[in-house]
Amino acid sequence: MKKTVYVHGYDYNCVTDEVRLDFDTAVEKIDPSCFTVTETKQVTDFSKAPEFPVVVMEEKRTVEDVYYVDGDGNRCEEKSSSIILKLNEDPEHGCPLLFDFHSFFNTWSQPYEMKIKYGDQTIICTMDDFVTQADDWSIDTFTASDGVTYRYAHFEPEGGSDRTVIWLHGIGEGGTELTDPRIAVLANKADVLKREAFQKAVGKANILVPQCPTYWMDRTGDCANRNMGQIVVDGTSFYTESLVELICDYLARTETEKTVVAGCSNGGYMTMLLAMKYPKVFDGYVPVCEAVPDTCITDAQIDVLAKQKLYFVYSKDDPTVIPEKHEVPTLERLKKAGAENIHVSVTDHVIDTSGSYFLDENGRATKQNTGIPYQYSGHWSWIYFFNNECSADGLTAWDFISDCLK
C-alpha cells in the first residue's frame with residue numbers, strides 16, 4: 001500500500017490535513033466513521049512553567065470527509081482503490097512541527113506517527129510519507145566569505161524575471177542544523193509568494209527565502225543574547241553582511257534590477273537593518289511587526305530611513321514586539337524627519353478573516369459558527385500580509401511591492 005500525508009500551509013502554521021491511501025483493490029465503503037486516526041508527535045507542554053518540557057503526546061484526529069480519487073488525485077464518483085481522508089484542522093490541532101521554547105526554533109517532530117485504523121487494518125504513516133506544499137520550491141546552499149553557510153528556498157517564474165522579492169522569516173523558522181528551508185516557507189505561509197495571486201499582483205517576480213543558521217537578531221552567531229524567549233538586541237546582527245552577500249549573489253544570477261525585502265518580527269528586524277545599512281541595494285521594504293527597539297535607532301539612521309520606501313505592518317495589541325517601543329516612536333521620528341514614502345497598515349487585533357474558525361465558550365478554536373471570529377496573537381500580523389488584507393489608506397502591501405518593482 002502507498003501512503004501519502006499532505007502538509008499544507010495555513011494562516012497559523014502548516015498542518016497534516018489530508019492522507020491519500022492507495023489500496024491494492026477498490027475500496028467498497030468510505031464513510032468517515034469507518035476510519036480512526038491517531039497522531040503521535042512531540043509538543044512543548046506550556047502548562048509546566050518554567051521548564052516547558054518537550055513531551056510526546058497522542059491526539060485523535062477527526063476524519064471530516066473521505067472520497068475516491070483517480071490516478072491523478074482528482075476527486076471522482078466511481079469506486080477506486082485510491083481514497084483521500086480529509087482531516088480536521090484548526091489553529092490548535094494538526095501541526096507536525098515542534099516549537100521548542102528552549103531553542104525557540106520550529107523543527108519537524110521526531111518522532112512523528114499517524115495511525116489509521118480501517119476495519120481490521122492498521123496503517124502507519126511517518127514523516128517518510130510526507131508531501132508538503134513547499135516541495136516544489138528549489139533548495140540551495142550558499143557559503144559567504146566569512147564562512148557562514150545558508151540554506152535557502154527560491155522560486156523563479158517561467159521565462160524568468162528581473163524583479164525579486166525577499167522574505168525574511170520569523171525567529172521560529174531559523175536553525176538550519178535542525179530544520180530545513182521548507183519550514184521557513186510553510187510556517188508563516190510564505191508559500192503564497194510563489195502562487196498565482198501574488199505573482200499576478202506584483203507582475204511576476206523571483207522569490208528568495210534565506211534561512212538563518214540561528215536567528216536574525218543574533219548579535220554573535222551563537223545565541224548568546226537569548227534566554228528562555230527573551231532576546232536582548234542592540235540594533236545589530238551577526239548575519240547582516242553574509243546575508244547581503246547571499247542576496248547579491250542571487251540577484252546577480254537572476255539578473256535582477258528591482259528588489260523588495262519583506263520580513264516579520266525577527267525577519268522584520270533584519271529588514272530594518274538592511275534598510276538602514278544598505279539603502280542603495282534595495283528598492284523597497286515591508287517590515288512586519290518589526291523588532292528593532294526605537295532606542296536602538298540613531299538620528300542618522302532615521303535620516304536614512306526617511307529617504308526609503310517603507311510599508312509597516314503591525315497590530316496595536318502585539319504582546320511580543322510592543323508597538324509603543326518599536327513602530328510608534330520610530331514612525332513619529334520618521335514623520336518629523338520629513339519621510340514621504342512611508343506607509344502604515346495598523347489593526348487593533350489579528351483575527352481570522354476566512355470565516356473558518358471561531359471562539360468557543362472556553363476561548364478555544366472551533367469550526368462551529370459562534371459568531372465570534374477566532375483571535376490570533378496580536379504579534380501575528382503577517383497573516384494579513386500574506387492574505388493581502390493590509391491597507392495603508394487604501395494601499396495594500398502587495399500593491400506597494402508592485403509599485404517598488406516598477
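**Close-up views of a predicted model**

**View 1. Phenylalanine 52 is buried in a loop.** Phenylalanine 52 has a relative accessible area of 13%, so this residue counts as buried. The model shown here and in the other views is predicted. Phenylalanine 52 sits in the loop between strand 3 and strand 4. Its phi is near 45 degrees. That value is positive, and the residue is not a glycine. Most residues other than glycine have a negative phi. The loop also holds proline 50, between strand 3 (35-44) and strand 4 (54-61). The peptide bond leading from alanine 49 to proline 50 is cis. Its omega is near 0 degrees.

**View 2. Phenylalanine 104 also has a positive phi.** Where is phenylalanine 104 found? Look in the loop between strand 8 (97-100) and strand 9. Phenylalanine 104 has a phi of about 65 degrees, although it is not a glycine. Is phenylalanine 104 buried or exposed? With a relative accessibility of 14%, phenylalanine 104 counts as buried, because the cut-off for buried is under 20%.

**View 3. A cis bond joins glutamine 110 and proline 111.** Omega of this peptide bond is about 15 degrees. Most peptide bonds are trans. Proline 111 belongs to the loop between strand 9 (105-108) and strand 10 (112-118).

View 4. Helix 6 covers residues 327-336. Which of its residues are buried? They are Glu327, Thr330, Leu331 and Leu334. These four cover an arc of only 100 degrees around the axis, so they lie on the same side of helix 6. What do the buried residues of helix 6 pack against? Two of the partners are helices: helix 4 (266-277) and helix 5 (299-305). Strand 21 (310-315) and strand 22 (342-347) are partners too. After helix 6 comes glycine 338. Its phi is positive, near 85 degrees.

**View 5. Valine 165 is buried in strand 15.** Strand 15 runs over residues 163-168, and valine 165 has its place there. Its relative accessibility is 1%, so valine 165 counts as buried. Which residues does valine 165 touch, leaving out those up to four places away in sequence? Phe198, Ala205, Asn206, Ile207 and Leu208 are among them. Now follow the chain to leucine 405. Valine 165 and leucine 405 are 240 residues apart in sequence. In space, C-alpha to C-alpha, the two are 8.9 Å apart.

**View 6. Helix 8 is mostly covered.** Helix 8 spans residues 397-405. How many of its nine residues are buried? Seven are. They are Ala397, Trp398, Phe400, Ile401, Ser402, Cys404 and Leu405.

View 7. The chain contains eight helices and 26 strands. Its C-alpha trace spans about 70 × 50 × 45 Å along the principal axes. The radius of gyration is 22 Å, which agrees with the value near 22 Å for a compact globule of 406 residues. Of those 406 residues, 55% count as buried. Take the contacts between residues at least 6 apart in sequence: 70% of them join residues at least 24 apart. The chain exposes about 17,500 Å², and carbon and sulfur atoms supply 47% of this area. There are 37 positive and 65 negative side chains. The centres of the two sets lie 1 Å apart.

Terms used. Residues numbered from 1 in each chain as written. Predicted model: local features only at pLDDT ≥ 70, side-chain atom pairs only at ≥ 80, totals over all residues. Heavy atoms only, no water. Rg over C-alpha atoms; globule rule 2.2 N^0.38 Å. Buried < 20%, exposed > 50% of the residue type's maximum accessible area, 1.4 Å probe, protein only. Contact = heavy atoms within 4.5 Å. Areas by Shrake-Rupley, 256 points an atom, 1.4 Å probe, with all protein chains shown as cover. Lys, Arg positive; Asp, Glu negative; His and termini not counted. Charge placed at Lys NZ, Arg CZ, Asp CG, Glu CD. Arc of directions from axis to C-beta.
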